[in-house]
Amino acid sequence: MKKKERSASEKRDRLLGIVTASPAAILLCVFTVYPVIYLIYRSLFSGSLISTEKEFVGIDNYKEILFDETFHKVLMNTIIYTVLFVGLTMVLAIIIAVWLNGSRQKKLNNMVEACIFTPHVISMVSVSIVFLWLMEPDTGFFNMVLTSLGLDKFPFLSSPSTAMISLVLVMVWKSVGYYVLLVMAALQTVPVSIYEAAELDNTPKIRTFFKITLPMISPTILFTCVVASIASFRIFDAVNVMTQGGPVDSTNTLVYYIYAYAFRYGNPGVACAAGVVLLVLVCIMTYVQFGVSRNKVHYQ
Amino acid sequence: MKRKVLLGLVTAMSLFMLSGCGSGSGEDSSSAETADGRIEIEFWHCMGASNGELIQELTDAFNESQDEIYVKAVHQGSYTEASTKMQAALSAGEAPVVAQMEIGSLGVFADSGQLVDLQKYVDAEEFDLDDFMPGLLDASYYDGKLIALPHSRSLPVLYYNKDLFAQAGIENPPETWDELKADAEALTKDGVYGYSCPLDQWYYTSLMMNAGGTIYNEDETSIGFNDESGTGPLYLWKDMIDAGTMNVPSGQDYNSSEACRNIFAAGTAAMIMQSSAQLKGLEETCDFEVGVGAIPMLTDRAYPAGGSNLMMFAGHSEEEEAAGWEFLKFMTNTENSITWANGTGYLPVRQSCTEQDAYKQMVEEDPNLQVITDNVQYCAEATFIPEYAETKDIIANEIQKCILEDNYTPEQAVQSMADRVAELFQ
């Protein structure tokens, strides 16, 4: 008897749960689950976006990207970009955050903070266009400065060997402010008592940084690294506006490759196959992120 | 705790849905009837700035010229952007009736049966197609069907700085590759480059065609320049870059063309290759006299067609299509063709244009236009198969690799183009 009663209230709770969660669940299904399933399904077909006939080709699209040298290069580029971007951004963000955190000049701090953060809120397209001008090899501002200092001109985006690093620098400039804020937030959670103890022992500043500050904020750093990696795996706007993947595919990245195949070459099947590869890679990274936050992030 | 989160989610979602409803109740974008009973059709174009204003003026003039049809002109960004949006619109069933699309994208749309065959209107009205310039009308056919009318058409030309030419004692623009090299050498001094050209497939293809090649071979199994006509332009550019007489503008695609025009306007390059459609813009921005010459040739004279056509998209009612046809005729008639050519620098698309006083006056004021019109006859027949977009990218890619990277010879580059394009046909 008792058992039955409980199950009735359980049922009611369940129903309430379903009713209240359904709007979110439906949207999730329509905008996330369905596209993912369709992506996988579409990657098995040939035919353009607008053609009425689609032909089932099995794993041919996957074979195509697997043997496509451009795709290998694109994957490599994406990984190189991610490593360079995340590495540079995190190192810079930590240095700036520690400096801002330690400095006692309130006004200067606020100004620096504002300056560093501002690029983050500017649209990526405008940033790209401005940097396109600044980095112009012959008439651009950067090379004007370099030549006036008696240095050689730097080719920036016009040479396959320097285009990627130029792109990374623009993106680091744009997003470092955001990561500075995250690191600063983490720094403020480090208890002052530990620093006081270190001060009593006369510990050098550098040693304090490596032995206390860094370990204390490491969970946040790891977490932001993974988030930044996932974001940079999907870089598109800057590539589309500044380099169109060139010169010679030196800045061609995964999402730009997908875009080109879907909309320019009229071959969305291949684009979807590449999209599935991206999905798998991002899933792996997300998994790592969950692992990291479960095991390493501890709240006080 | 869980409940609160859930509640928050539900609130957020319902807000989201509300806002969704707000924007969803807008009017049907592709076609409708206006309040006064006129048929409303949409027209997508890719013209910005002053060209965009002019195309709007012409559309307004059409709307005022009659009271049955109302055309709504919408700017959709660059050719590439517009083509992307069109594909999305077509798969959603929201395509406009008429659109201006880059000629190279013709194959993609025609191949999937998305374009209306205009021949039925031509037959019904005995519409005179022969008046269109022959070199331009070629790019309006796909599989024998007339699916476009020529509109904003252009061809690659050589612009030169007449002041710098006079200083160097050169009278006429170079006619041949050897003259191009010699002139560039004479013009290069004091930080001025003799010649500049984007490492872009269009200019490469022009030079390649002038050396006797064709984009595809006869069987359409690969490229038609896997010989000296393909390697020639690359050797020409390499030699000139090594000699310091050629500048390579930075950037890709349209960016590099803009960079190229900037250094020409600044006086740091004496000759550049650009689209004929840039004539008016260059004449306005340059504070020296601009001259126009044909792309120098090796053995032949032929150019890849450029610019865009007006196309009609399928999936609309007969009424709407008929309205679209009226608009197409209006935009491409002799009078408007001259207005368009005069205001933009695009080619006059009809032979009858050249007989009109308005056109004669135009040429008298700007003899450069005559040079451009004289070259229309050399526009080569176009093969805009769906593989064309990828072919273009492959060509551009290999050219850049050959020029920018060491140890990659023109022979290797052209062979690689041949292999990669052949793969597209498998």
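Which residues make up domain 1 and domain 2 in the domain assignment of chain B? In this predicted model, domain 1 of chain B covers 31-154 + 306-378, and domain 2 covers 156-304 + 387-424. The centres of domain 1 and domain 2 of chain B, taken over C-alpha atoms, are separated by 29 Å.

Contact between the two domains of chain B involves 16 residues of domain 1 and 22 residues of domain 2. On the side of domain 1 that touches domain 2, two or more residues are given by each of α4 (106-111), β15 (306-312) and α16 (368-374) of chain B. The largest share of this side is that of α16(B), with three residues. By class, the side of domain 1 of chain B that touches domain 2 of chain B holds six nonpolar and ten polar residues, and no charged ones.

Chain B also meets chain A: 30 residues of chain B are in contact with 29 residues of chain A. Four helices of chain B, namely α1 (2-24), α3 (79-91), α11 (253-265) and α17 (388-404), each supply at least two residues of the side that touches chain A. Of these, α17(B) provides the largest share, six residues. The side of chain B that touches chain A is made up of twelve nonpolar, 14 polar and four charged residues.

Technical notes. Residues are numbered from 1 along each chain as its sequence is written. Chains are lettered from A and ligands numbered from 1 in the order in which they are written. This is a predicted model: local features need pLDDT of at least 70, side-chain atom pairs count only at pLDDT 80 or more; totals for chains, interfaces and linings use all residues. Two residues are in contact if their C-beta atoms, placed from the backbone, lie within 7 Å. Ala, Val, Leu, Ile, Met, Phe, Trp, Tyr, Cys and Pro count as nonpolar, Asp, Glu, Lys and Arg as charged, and the others, Gly among them, as polar. Domain bounds come from an automatic or database domain assignment.
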